[in-house]
Amino acid sequence: MTRASSPRQPIPVILDCDTGVDDALALLFALRHPGVDLRAVTCVAGNTDVDGVVRNTLTVLEQAGAPDIPVARGAERPLIEPARSARHVHGHDGMGDLELPDPTRAPCDVPAVALLRREILASPRPVTLVPTAPLTNIALLLRTHPEVVGNIGRIVFMGGAVAAGNATPVAEFNVWHDPEAAAILLTAGVPITMYGLDVFQRVVVPGAQVRRLRSAADPAARLAGRLLAHRPAAPEGHRDPEAGGLGDAGAVCAVADPAGLTTRPLPVEVCLAPGPARGQTVVDLRARPGESEVHGAGDAAPRPVDVALDVDVERYVALYLAAVGG
Ligand code: BDR
Ligand code: CA
């Protein structure tokens, strides 16, 4: 694969995804941005079943002319609960029903956890892990091969929400789908950025740009336009009816250009209790301890996570279009 020259060394990145319309947008950006060195892609059940995720992922890589990146099949269900797809958002095939050709190659013959371990340990520089899906593969990796932690520089995950959820009033889909896995991720002991719904839903490509992409000569740009036209993440009531949300791709923008994201180190815990708050990411925004801490009733404060609170929308849209727009 040919890359444009970059002044800094590209960041070794592994994407763990449930492709997924916006996971596909994330893959295209990771392939095309010169600051990102996409080392491997691992697949997990989420937006659709894991075999559908593998197929969609391989199709995207082939359409973008990058068939050599290793892709592995991962968990077919969460740690405890059954899989619950988001096909009502992402289409019957999980990727917008665009009638793309089936991939010509198969995934690699090792499971996702083994590929993650191999690629993380083999990387000469610390890897940035970017999960844009339920965290099942990552939790299994951390519990099976804790030695990988030493060569993970950062985990930038799409998941959670400070304010409202989408799968439930308070829980975001990726965390809600496998809350126990998300809880394991949050205690990984490496720097973590939470790219949650609060910023995820805001990064929207204007309709005029979506139209331009759809008629681009470059197949990857054209695919991005078609995916954006499916616009799974455009906020309801957006004034531009043809605008399309970048969704998961914003998390990869945050790796390539962290200055576009405003984060604060904050304690985050996942609600694991059954009931209406299950899967909620409880973000502690308080400026000082409360009565719970004063009376010593609470557990030790969780290690802070860099929680995304604001995003420079124009900057990330321009970044995406410069990389993928042809
Ligand atoms: C997340 O859920 C999926 O539908 C999207 O791909 C994204 O990763 C948003 O809640
Ligand atoms: Ca996703």
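A polar side-chain atom of Asp 248 lies 2.7 Å from an oxygen atom of ligand 1. Asn 166 also places a polar side-chain atom 2.9 Å from an oxygen atom of ligand 1, and for Glu 172 the separation between a side-chain N or O atom and a ligand oxygen is 2.5 Å. A polar contact here is a pair of N or O atoms within 3.5 Å; within protein, one must be able to donate a hydrogen and the other to accept it, and residues adjacent in sequence count only if both atoms are side-chain atoms. Ligand 1 taken alone exposes 280 Å², of which the protein buries 94%. Accessible areas come from the Shrake-Rupley method with a 1.4 Å probe, and for residues only the protein chains shown count as cover.

This is a predicted model, in which local features need pLDDT of at least 70 and side-chain atom pairs count only at pLDDT 80 or more, while totals for chains, interfaces and linings use all residues; side-chain values use heavy atoms, with hydrogens and water left out. Residues are numbered from 1 along each chain as its sequence is written, and chains are lettered from A and ligands numbered from 1 in the order in which they are written.

The residues surrounding ligand 1 include Asp 22, Asp 23, Asn 47, His 90, Thr 132 and Asp 248, where a residue is near a molecule or strand if one of its heavy atoms lies within 4 Å of it. Helix H1 (21-32) and helix H6 (173-177) each supply at least two residues of this shell. Helices (H or I, at least four residues) and strands (E, at least two) are DSSP runs, numbered from the N terminus.

Next comes the metal site. The protein donors of the calcium ion (ligand 2) are Asp 18 (OD), Asp 23 (OD), Asp 23 (OD), Thr 132 (O) and Asp 248 (OD), at 2.3 to 2.6 Å from the ion. Donors are N, O and S atoms within 2.8 Å of the metal (3.2 Å for Na, K and Ca); water is not among the atoms, so sites may look incomplete. Along the chain, the donors of the calcium ion follow the spacing D-x4-D-x108-T-x115-D. Thr 132 lies in the loop between strand E4 (127-131) and helix H5 (136-144), and Asp 248 in the loop between strand E8 (244-245) and helix H11 (249-256), so the pair ties together parts that are 116 residues apart in sequence. Thr 132 is buried, at 0% relative accessible area, and Asp 248 is buried at 3%. Buried means under 20% relative accessible area, exposed over 50%, and partly exposed in between (1.4 Å probe, protein chains only).

The salt bridges number 16, each being a side-chain nitrogen of Lys or Arg within 4 Å of a carboxyl oxygen of Asp or Glu. Glu 81, Arg 84, Glu 180 and Arg 278 are linked in a network of salt bridges. Within this group, Arg 84 meets Glu 81 at 3.1 Å, N to O; Arg 84 is partly exposed at 26%, whereas Glu 81 is buried at 19%. Arg 278 and Glu 180 form a salt bridge at 2.9 Å, N to O. Arg 278 lies in the loop between strand E9 (261-270) and strand E10 (281-283) and Glu 180 in helix H7 (residues 179-186), so the pair ties together parts that are 98 residues apart in sequence.
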